Amino acid sequence: MPADLPYWRLSGFYFFFFAIVGVLVPYWGPYLHTLGFSAAQIGQVVAALNLARVVAPNVLGLLADRRGRRMQVVRAASLLALVSFAGVWAGSGYGWLLLVTAAFSFFWNGAMPQFEANTMNCLGAQEHRYSRIRLWGSVGFIVAVAALGGLVERVGAGVVPYAVLFLCVGMWLASLATPERLGSAAHAQAPDFWQVLRRPEVIGFLLAALLSQLGHGPYYAFFSIYLQEHGYRGGTIGLLWAWAVVAEIGVFMVIHRWLPRYGPRTLMVAALLLGGVRWLATGAFPQQLPLLFAAQTLHAASFGIYHAVGIVVVNRFFRGRSQGRGQALYSSMTFGAGVAAGSVLGGYLWAPLGGAVVFYLAGALSLLAVPLAYRAIPARFQVSAAQQ
């Protein structure tokens with residue numbers, strides 16, 4: 001690690017940001033269900049969490065690239081996310097919560113790509129060690145999932161909004177503590193954003209990532225409901241979510257060694273293949289708890305390897321003045337448009353086809369992404385063993 005790396009301050013922001021994910025992903029759907037929302041309405045509100053990623057990262061990325069001060073944007077967005085979410089207590093109707101969720105998500109999701117760019121600038125040539133910082137986001141997720149699972153079971157889903165608000169305060173405070181780090185002079189001479197975006201390998205990579213995250217949409221929106229439909233209770237559901245992130249943390253602890261050995265292309269192909277296996281197994285074996293745990297273990301690949309490699313690839317494609325917009329585009333197309341579209345489609349297909357078929361379709365999408373990723377990620381994107 002670089003000697004001047006603000007490791008714990010960077011890690012703290014990831015911890016709180018993904019602890020919020022750990023509340024919203026497993027428990028926001030069930031919370032809305034207690035308010036009487038239909039499956040289609042739940043899918044649409046959950047999609048609002050992700051649709052904001054289509055616009056927000058690009059707006060804030062353009063602002064950050066022009067101003068050259070990413071952390072100023074991150075701090076303002078974190079505060080506005082906190083203020084926006086407080087609107088949950090002003091009403092509980094479908095239209096109002098849809099609006100509040102979209103406003104909160106705009107600022108919350110818009111902050112992360114700029115924080116990612118700042119983290120990569122802090123790491124410099126040690127970019128493959130990104131996962132050692134990002135793993136604290138996974139720790140935050142698992143702490144939130146584990147702590148809230150039993151609490152929801154004891155006192156009900158009404159506790160969910162309070163947990164999100166508390167964690168938003170922590171995220172804002174962490175943003176205030178994190179220093180700004182500018183890119184190198186060499187990065188400043190990098191090609192323009194639109195020049196990079198027109199390259200076929202960049203388009204191919206983004207399409208592969210989009211397909212992968214389309215398949216994740218039903219998981220984020222309906223996995224908890226899917227488990228409830230098969231008789232699982234809050235504690236077991238929370239444990240399944242948490243186990244997936246334990247596997248993810250394990251990967252984040254070692255992938256900085258795998259990147260020099262196997263390279264980004266091989267690792268991304270493996271992640272997409274195993275992601276397909278994961279969704280097929282989830283659809284086929286909902287009553288077999290050991291197999292569900294095995295499928296959740298593959299989160300190490302479908303998210304852990306995928307994300308650690310994806311951030312490095314995007315950082316190689318987009319440099320200097322295009323760095324913020326490159327990270328924003330990756331976030332908006334994949335975790336934004338991809339997950340949102342997958343959530344909405346999952347909501348509409350859930351009742352007529354059933355959860356199992358929806359997960360089969362998710363598996364097919366992940367497998368379709370494999371040849372795209374193989375062709376798109378250049379073999380030259382190899383991390384030097386000397387950088388370890």
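Modeller: I start with the second largest pocket. Its lining has 6 nonpolar, 7 polar and 1 charged residues. (Nonpolar is Ala, Val, Leu, Ile, Met, Phe, Trp, Tyr, Cys and Pro; charged is Asp, Glu, Lys and Arg; the others, Gly among them, are polar.) The model is predicted: local features need pLDDT of at least 70 and side-chain atom pairs pLDDT 80 or more, while totals for chains, interfaces and linings use all residues. Residues are numbered from 1 along each chain as its sequence is written, and side-chain values use heavy atoms, without hydrogens or water.

The second largest pocket holds about 170 Å³ of space. Its lining counts 14 residues, and those closest to its centre are Tyr27, Pro30, Val152, Gln228 and Gly234. (On a 1 Å grid over the protein atoms alone, a pocket is an open set of points with protein on both sides within 12 Å along at least five of seven lines; a cavity is a set where a 1.4 Å probe fits but cannot get out; lining residues have an atom within 4 Å of a point. Points join across faces, edges and corners, and volume is the space filled by probe spheres set on them.) Four helices each supply at least two residues of this pocket's lining: helix 1, helix 5, helix 9 and helix 10. Helix 1 gives the most, with 5 residues. (Helices are DSSP runs of H or I, at least four residues, numbered from the N terminus.)

The largest cavity has a volume of about 520 Å³. It is lined by 33 residues, and Phe18, Val21, Arg53, Phe303 and Phe335 are the closest to its centre. The elements giving two or more residues to this lining are helix 1, helix 2 (39-67), helix 4, helix 5 (130-155), helix 9, helix 10 (234-284), helix 12 (299-317) and helix 13. By class, the cavity lining has 21 nonpolar, 8 polar and 4 charged residues.

Phe18 leads on to a charged group. The charged end of Arg134 sits over the ring of Phe18, 3.7 Å from the ring centre. Arg134 is buried, with a relative accessible area of 1%. Glu248 also counts as buried, at 4%. (Buried is under 20% relative accessible area, exposed over 50%, partly exposed in between, with a 1.4 Å probe and protein chains only.)

The whole structure has 2 salt bridges. Glu201 and Arg199 meet in one of them, at 3.1 Å from N to O. Arg199 counts as partly exposed, at 24% relative accessibility.

Next, Ser138. Its place is in helix 5. Ser138 is buried, with a relative accessible area of 1%. Its C-alpha atom is separated by 9.7 Å from that of Phe17, 121 residues apart along the chain.

Now the rings. A search of the whole structure finds 32 aromatic pairs. (Phe, Tyr and Trp rings, six-membered for Trp, pair with centres within 6.5 Å; planes under 30 degrees apart are stacked, over 60 edge-to-face, the rest tilted.) Phe13 and Phe115 have ring centres 4.1 Å apart and planes at 20°, so this pair is stacked. Phe13 is in helix 1 (residues 7-34) and Phe115 in helix 4 (residues 94-123), and the two are 102 residues apart. Both Phe13 and Phe115 are buried.

Phe222 and Trp350 form another stacked pair, with 5.0 Å centre to centre and 25° between the planes. Phe222 lies in helix 9 (residues 200-229) and Trp350 in helix 13 (residues 323-353), so the pair ties together parts 128 residues apart in sequence. Phe222 and Trp350 are both buried. Tyr219 has a charge over its ring: Arg278 lies over the face, at 4.4 Å from the ring centre.

Last, Gly110. Its place is in helix 4. Gly110 counts as buried, at 0% relative accessibility. Gly110 and Pro57 are 53 residues apart in sequence, yet 4.2 Å apart in space, C-alpha to C-alpha.

Terms used
A charge sits over a ring if NZ of Lys or CZ of Arg is within 6 Å of the ring centre and within 35 degrees of the ring normal. A salt bridge is a side-chain nitrogen of Lys or Arg within 4 Å of a carboxyl oxygen of Asp or Glu.
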